[in-house]
Amino acid sequence: MALDQRDGGSTVRRTVLPSGLRVLTEAIPSMRSVSVGVWVAIGSRDEAAELSGVSHFLEHLLFKGTEKRSALDISAQIEAVGGETNAFTTKEYTCYYARVLDEDLPLAIDVMCDVVANSVLDPADVETERGVILEEIAMHDDEPGDEVHDVFAEAIFGAHPLGRLISGTQATISPMTRDQIEGFYRSHYTAPSIVIAAAGNLDHDTVVELIAGSLGAGSATPAPLRPASVVPTRSPDTVVRDKDTEQAHVVLGCPGIDRPDERRFALGVLNNVLGGGMSSRLFQEIREKRGLAYSVYSYSTQYADTGLFAVYAGCAPGKVDEVLELTRAELAAVAAKGFTEAELARGKGMAKGSYVLGLEDTGSRMSRLAKGELLYGNLLTVDEMLARVDALTLDEVNTLAADLLTRPTSLAVIGPV
């Protein structure tokens, strides 16, 4: 089936192949480039504990060679036409993508479909990439400003897969066998779990034809289901890791709202006003007025069935208590008294501006298509998104603040404290 949607000067179309694979395109005739991504609805939360990190391991391995291309062929063929290719793994999906000139889209589709469907997972490559991933894990441990967010997720979710590292750990990566990796690959990378999205100067029917020839064969089989592992309700936790660093890195937060929650639009505005920019309350109070931290901001993350909301600050070790006291006071003040109309207007403007400005290239347009299909089950037009933000009332945002910011908080700290 195919669905058409006009979105400003572009046309969005969707087709489902007999195999269950979904294809979405956005034709933007004014562009001369095209971005294409193969999105797989499998991430680190879908892994058994002993296979923690296998999705990320696969992300590395799929570029190491297929039945008809070596690792050098994969990169050289795309780079020879001035294109670029990469991949990333999250807790709920994995993406492999390329960006090329419009005339080179057939090559990009052929290469990316080949990479995802036909990797040979050579035993020698498994060992090579094992070493690379162990170094990546070690490098991550040397970046406390990044590590503290993972420590916070562990404090919120505990032993649940959402609380584990996407990369896995040395204890899980070191013993992982090629057979285990291949078993995960063959059982999870099936057509109904895959969305291919492309945006730029393209023709939808041509894209569908190219994909069908590369990856669309076969009849539909049931997509693998996400494990029915209920996210546990945990007591607030404090995790402190003593490290000899110049700064202390602090994350204070609580469980948030899930992705389907219609309050996500209000949450975006709330986050902007509280800690989303230099005019935000936390930035003004902690950095501008008192100079206690160079970096301070709030953020939210939504998953299929849960979420989190947090505040990060990097400060001198001796200032941690003061920063936490000010942060808690600001959260309490917003929960009790809410925002003003002026702050609401500014938060709305930030939300709309960042959304529209974030769609100025084919890569972000491609990502919007895939996330709408994989994560939300529908695709709002740009005008519909902006209308959702415009329609928010001060009462809706303040009601959410009163709920969210009074939840029991967990704390993660890394530094010499």
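Let's start at Asp390, which is partly exposed, with a relative accessible area of 42%. In this predicted model, the side chain of Asp390 meets that of Lys352 in a salt bridge, with 2.8 Å from N to O. The pair links distant parts of the chain: Lys352 sits in helix α12 (residues 341-357) and Asp390 in helix α14 (residues 382-390), 38 residues apart. Lys352 is partly exposed too, with a relative accessible area of 25%.

Some salt bridges also share partners: Arg45, Glu92, Arg259 and Asp305 are joined in this way into one network. Within that group, have a look at Arg45 and Glu92, whose side chains meet in a salt bridge of 2.8 Å, N to O. This pair again connects distant parts of the chain, 47 residues apart. Arg45 belongs to the loop between β4 (33-40) and α1 (54-61), while Glu92 belongs to the loop between β5 (84-89) and β6 (94-101). Are these two residues buried or exposed? Both Arg45 and Glu92 are buried.

Now turn to helix α7 (residues 178-188), where Arg178 and Glu182 are four residues apart and therefore separated by about one helical turn. Their side chains meet in a salt bridge at 2.9 Å, N to O. Arg178 counts as partly exposed because its relative accessibility is 22%, and buried would mean under 20%. Glu182, at 23% relative accessibility, is likewise partly exposed. Across the whole structure, a search finds 33 salt bridges.

Next comes a patch of charge. On the surface, Asp141, Asp142, Glu143 and Asp146 gather in a patch of negative charge. Asp146 is part of helix α5 (residues 144-157), and with 44% relative accessibility it counts as partly exposed.

Glu246 is exposed, because its relative accessible area is 76% and exposed means over 50%. How many residues apart in sequence are Glu246 and Gly314? They are 68 residues apart in sequence, and their C-alpha atoms are 9.8 Å apart in space.

Finally, step back to the whole chain. The protein chain has 15 helices and twelve strands. Its radius of gyration is 23 Å, close to the 22 Å that the globule rule gives for 417 residues, so the chain is as compact as a globular protein of that length. Along the principal axes, the C-alpha atoms fill a box of roughly 60 × 50 × 40 Å. Of the 417 residues, 52% are buried.

Key
Residues are numbered from 1 along each chain as its sequence is written. This is a predicted model: local features need pLDDT of at least 70, side-chain atom pairs count only at pLDDT 80 or more; totals for chains, interfaces and linings use all residues. Side-chain values use heavy atoms; hydrogens and water are left out. Patches are made of residues with over 30% relative accessible area and no salt bridge: like charges are joined within 9 Å, nonpolar side chains (Val, Leu, Ile, Met, Phe, Trp, Tyr) within 5 Å. Accessible areas come from the Shrake-Rupley method with a 1.4 Å probe; for residues, only the protein chains shown count as cover. A salt bridge is a side-chain nitrogen of Lys or Arg within 4 Å of a carboxyl oxygen of Asp or Glu. Lys and Arg count as positive and Asp and Glu as negative; His and the chain ends are not counted. The place of a charge is taken as NZ of Lys, CZ of Arg, CG of Asp or CD of Glu. Helices (H or I, at least four residues) and strands (E, at least two) are DSSP runs, numbered from the N terminus. Buried means under 20% relative accessible area, exposed over 50%, partly exposed in between (1.4 Å probe, protein chains only). The radius of gyration is taken over C-alpha atoms; the globule rule is 2.2 Å times the number of residues to the power 0.38.
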